[in-house]
2 protein chains.
Amino acid sequence: MLIRTIAAGTALTLSCLPALGQTTAELPAEINVNTKVLIEQALEDEVGLKFVEDLTTEIGPRLAGSAQEKRARDWSVAELTELGFDNVRVEPFAIPFWSRLEDEVSITAPVPQEIVATALGGSAETEEGGVEANVIRFADMRALSSANPEAVEGKIVFIDEGMTRTMTGAGYGMAVRKRSQCARVAAEKGALACLIRSVGTQPHRMPHTGIMARDGAEGALAAAAISGPDADQLTRLLERGPVQVRVNIQTDIRPNAPSGNVIAEVAGTDLKDEIVLIGCHLDSWDLGTGALDDAAGCGIVVGAAKLIAELPEPPRRTIRVVLYGAEEVGLFGADAYARRHAETLNKHVLAAESDFGAGPIWQFQTRFGEAALPYGRAIQQILMPLGVVPGNNEASGGPDIGVLRRSGVPVVTPAQNGLDYFDYHHTPDDTFDKIDPEEFRQNVAVYAAFTYIAAQTGWDFRKSEDMPVASQ
Amino acid sequence: MLIRTIAAGTALTLSCLPALGQTTAELPAEINVNTKVLIEQALEDEVGLKFVEDLTTEIGPRLAGSAQEKRARDWSVAELTELGFDNVRVEPFAIPFWSRLEDEVSITAPVPQEIVATALGGSAETEEGGVEANVIRFADMRALSSANPEAVEGKIVFIDEGMTRTMTGAGYGMAVRKRSQCARVAAEKGALACLIRSVGTQPHRMPHTGIMARDGAEGALAAAAISGPDADQLTRLLERGPVQVRVNIQTDIRPNAPSGNVIAEVAGTDLKDEIVLIGCHLDSWDLGTGALDDAAGCGIVVGAAKLIAELPEPPRRTIRVVLYGAEEVGLFGADAYARRHAETLNKHVLAAESDFGAGPIWQFQTRFGEAALPYGRAIQQILMPLGVVPGNNEASGGPDIGVLRRSGVPVVTPAQNGLDYFDYHHTPDDTFDKIDPEEFRQNVAVYAAFTYIAAQTGWDFRKSEDMPVASQ
């Protein structure tokens with residue numbers, strides 16, 4: 001395989017490239033041509049977008065462990081079979097099930113007012129009919145952690161921490177801490193319930209759900225997120241005097257609910273035992289129809305794989321599309337997959353998950369062996385005309401891919417622009433109309449391109465020897 | 001009073017002025033100066049904005065005839081008294097009361113999915129537990145009207161008519177027709193319930209309530225509005241086959257609920273029997289806190305009147321601030337006011353209502369006698385530096401002002417830019433955070449200016465004789 005230096009002036013984005021002098025693997029001519037054809041076709045994609053539309057319309061919300069998630073698996077198996085994929089199947093597993101039955105929050109004094117709220121995933125129940133108490137507000141999770149228990153005991157805790165809007169979603173991790181920890185810390189200090197300002201960036205009266213830490217569930221509290229405008233209202237009222245709130249959360253909790261990963265393949269040829277895995281998650285939260293989170297990801301990987309399947313020649317390696325189950329409630333599908341496929345993880349040559357909506361991909365990150373970086377650069381070059389700049393070599397691969405990455409599987413993250421992702425994520429507003437078809441198709445193009453290159457070149461992304469890189 | 005021709009080049013907005021050669025009344029110098037001082041002060045307004053913040057925070061939603069509307073009256077009386085207004089009082093009247101107890105809409109087949117919905121104001125009840133039937137969709141109200149009753153009988157009607165976004169709110173009247181008429185027409189054709197696409201312009205899962213026609217209530221149907229994304233979802237599902245929906249609406253309907261108009265005045269001097277009325281409505285729908293509709297209007301007129309009250313000299317005419325009750329459910333406050341003040345309507349020299357949110361005023365419309373148009377032009381000239389262009393002489397004055405206008409009271413409409421008004425109006429999202437303080441203050445400035453001029457000049461806006469206009 002030839003090694004060459006990146007030519008100056010390749011793209012407008014040149015200033016974002018790694019320093020000149022770094023080496024780039026050269027794509028064999030036929031693969032180069034096929035990849036460009038795939039990209040062209042992907043930019044006209046109908047299959048992937050229709051998958052999203054149909055899944056979110058015909059099934060709708062898909063709470064992990066629910067009858068709706070089961071319907072989504074059955075629907076996906078039928079759909080992927082109809083699309084002509086190989087080895088379409090469900091790999092089942094069991095999960096602890098949680099769903100909301102009632103989740104009402106209201107101000108009862110000084111004047112009655114409804115609060116737009118949603119129970120956090122995994123929330124404990126309040127006593128029947130709810131608990132009612134004065135509210136104590138904390139600016140952030142740290143303030144609650146350091147609060148005097150005497151001030152908190154018998155009260156309803158309210159953590160009013162906001163979230164910063166960023167392209168990368170970097171604000172989410174910080175903001176989500178309060179969602180994860182509020183109930184536990186508030187319980188330790190004798191609070192009756194925990195309310196948090198919704199983890200999200202939109203200014204509407206939309207509550208944002210999501211999983212909270214469930215360990216120590218015995219002592220855990222009922223916890224709910226309230227919308228941004230309701231958090232503002234509560235804060236303004238608290239500035240004026242004591243505020244009494246009622247929180248009523250009733251849930252359905254069961255062990256051993258059915259979930260499963262749906263798998264479909266484009267069978268490889270001479271390297272068919274080697275797997276290029278592209279994934280998404282099939283479950284969603286219950287408030288919206290899970291269009292951005294994560295039907296979009298499923299449509300992107302299905303659309304990309306379908307385009308490759310339609311090439312005149314099947315790829316050398318097997319492309320495995322994994323629609324993970326039960327991601328939202330604790331990455332159960334990812335763990336089940338890793339356990340079930342433990343013996344072949346070393347045959348997984350590359351993995352990636354699309355799970356950040358349908359915004360345009362602006363950067364392509366890798367996590368390859370040092371000596372395999374020229375392969376990454378070759379892919380990055382192919383993607384530049386799509387507006388994608390090279391990224392670092394510290395890709396996460398995506399939530400469900402973490403367990404594979406930790407097992408040594410090379411991963412990539414085609415980083416999407418998520419500036420508006422948390423306007424919709426985990427809210428009732430996560431619906432099909434929020435997807436921009438052109439941006440969605442750019443995602444399909446990126447996935448089709450790198451997946452095909454990884455499957456067809458036979459490149460070893462684990463490579464850690466020094467240069468020069470051996471031929472494929 | 002001098003009459004002069006508008007000087008060319010007065011403002012950038014000159015091209016929007018009436019044809020040159022039209023006459024403009026000249027403001028007495030002292031009034032001119034005071035008006036400009038009022039405008040400057042209004043642009044720093046705190047009183048009006050705080051009125052909105054406090055009303056929407058400390059009281060919240062104010063459904064007509066409810067205990068909340070009563071609280072709002074009590075609160076307003078205390079607040080207006082505290083602000084130093086004269087003759088603060090409630091003029092009570094009774095209204096038929098309607099409120100939602102339950103309003104749930106869900107898809108039951110082919111798969112269960114929740115629909116974000118809200119009962120329309122005045123909706124009839126379904127049978128207990130709801131009605132369930134197949135949906136029949138109509139593109140617009142006209143299509144339902146001309147439908148064969150056999151196709152509609154036993155079904156749940158869905159009218160999928162959208163609304164056009166305009167600066168003037170012109171799209172509302174057309175779209176609201178379906179809200180008003182759906183239940184009656186659907187009932188005549190034997191339908192079980194009526195669903196409409198929310199009358200609104202935002203893309204979020206926010207339902208939009210509002211009053212429906214209540215005459216013939218005996219035979220009327222239960223009716224609800226569903227959010228835009230839910231209307232999209234229902235339409236997509238209907239393209240795929242039959243869809244069954246359950247509609248459950250339970251209501252509280254009572255005659256003779258208490259409502260009332262809250263009135264506060266800046267007492268005039270030598271012309272104190274002559275009234276300049278500036279109004280708003282105090283009631284709101286129940287879903288949001290009625291910040292834009294219409295706490296904002298109340299804050300604007302209260303803020304404007306308060307500034308005038310603080311001038312060294314009280315105005316010649318009495319400025320009457322009217323916070324109408326029960327506007328949303330049928331202009332009951334407007335009717336009560338007109339009945340109660342029938343004998344002094346001829347002493348009402350000018351009236352206007354702020355009831356279109358808090359967007360900036362871009363045009364000043366009048367409805368004056370022909371010979372009084374020079375007064376209108378004088379006011380329009382004063383407002384130009386605020387970005388306000390002259391409008392026509394066909395002002396409506398606002399919903400609660402209609403009955404005064406029809407009685408011959410001259411009215412003005414300071415027309416606001418309502419491009420985003422129907423993103424929030426009548427939805428849960430109508431909350432204080434949606435108000436832009438700078439735009440709000442521009443409204444206060446406009447109201448302070450024309451109200452002061454009307455009260456202080458003694459101009460007769462009814463004037464219908466020919467030119468030249470007599471001196472004040």
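Guide: One definition to begin with. Two residues are in contact if their C-beta atoms, placed from the backbone, lie within 7 Å. Note also that this is a predicted model.

Visitor: What rotation superposes chain B on chain A?

Guide: Two copies of a chain are related by a rotation about an axis and a shift along it. Here the shift along the axis is 0.0 Å, and the RMSD is 0.0 Å. The copies are thus related as by a two-fold rotation axis. The rotation is 180 degrees.

Visitor: Which helix gives the most to the side of chain B that touches chain A?

Guide: In the contact, 23 residues of chain B meet 22 residues of chain A. Helices α2 (47-59) and α7 (228-240) of chain B each supply at least two residues of that side. The side of chain B has 9 nonpolar, 6 polar and 8 charged residues. With 6 residues, the top contributor is α7(B).

Visitor: Which residue follows α7(A), and what is its phi?

Guide: Within α7(A), the buried residues include A:Asp230, A:Gln233, A:Leu234 and A:Leu237. After the helix comes A:Gly241. Its phi is positive, near 150 degrees.

Visitor: How many residues does domain 2 of chain A bring to its contact with domain 1 of chain A?

Guide: The assignment gives domain 1 as 3-96 + 256-457 and domain 2 as 111-242. Their centres are separated by 34 Å. Domain 1 of chain A brings 18 residues, and domain 2 of chain A brings 17.

Visitor: Where in chain A does pLDDT stay under 50?

Guide: The mean pLDDT of chain A is 92, and 93% of its residues reach 70 or more. Where pLDDT is low, the predicted coordinates should not be read in detail. Two such stretches have 32 and 15 contacts beyond four places in sequence, respectively. They are residues 1-20 and residues 466-472.

Visitor: What ipTM does the predictor give the complex?

Guide: The predictor scores the complex in two ways. The pTM is 0.91. The ipTM is 0.90.

Definitions and conventions. Residues numbered from 1 in each chain as written. Chains lettered and ligands numbered in written order. Predicted model: local features only at pLDDT ≥ 70, side-chain atom pairs only at ≥ 80, totals over all residues. Buried ≥ 20, exposed ≤ 12 C-beta atoms within 10 Å, placed from the backbone. Helix = DSSP H or I, 4+ residues; strand = E, 2+ residues; numbered from the N terminus. pLDDT = per-residue confidence, 0-100. Domains from an automatic or database assignment. Least-squares fit on C-alpha atoms with pLDDT ≥ 70 in both. Nonpolar A, V, L, I, M, F, W, Y, C, P; charged D, E, K, R; others polar.
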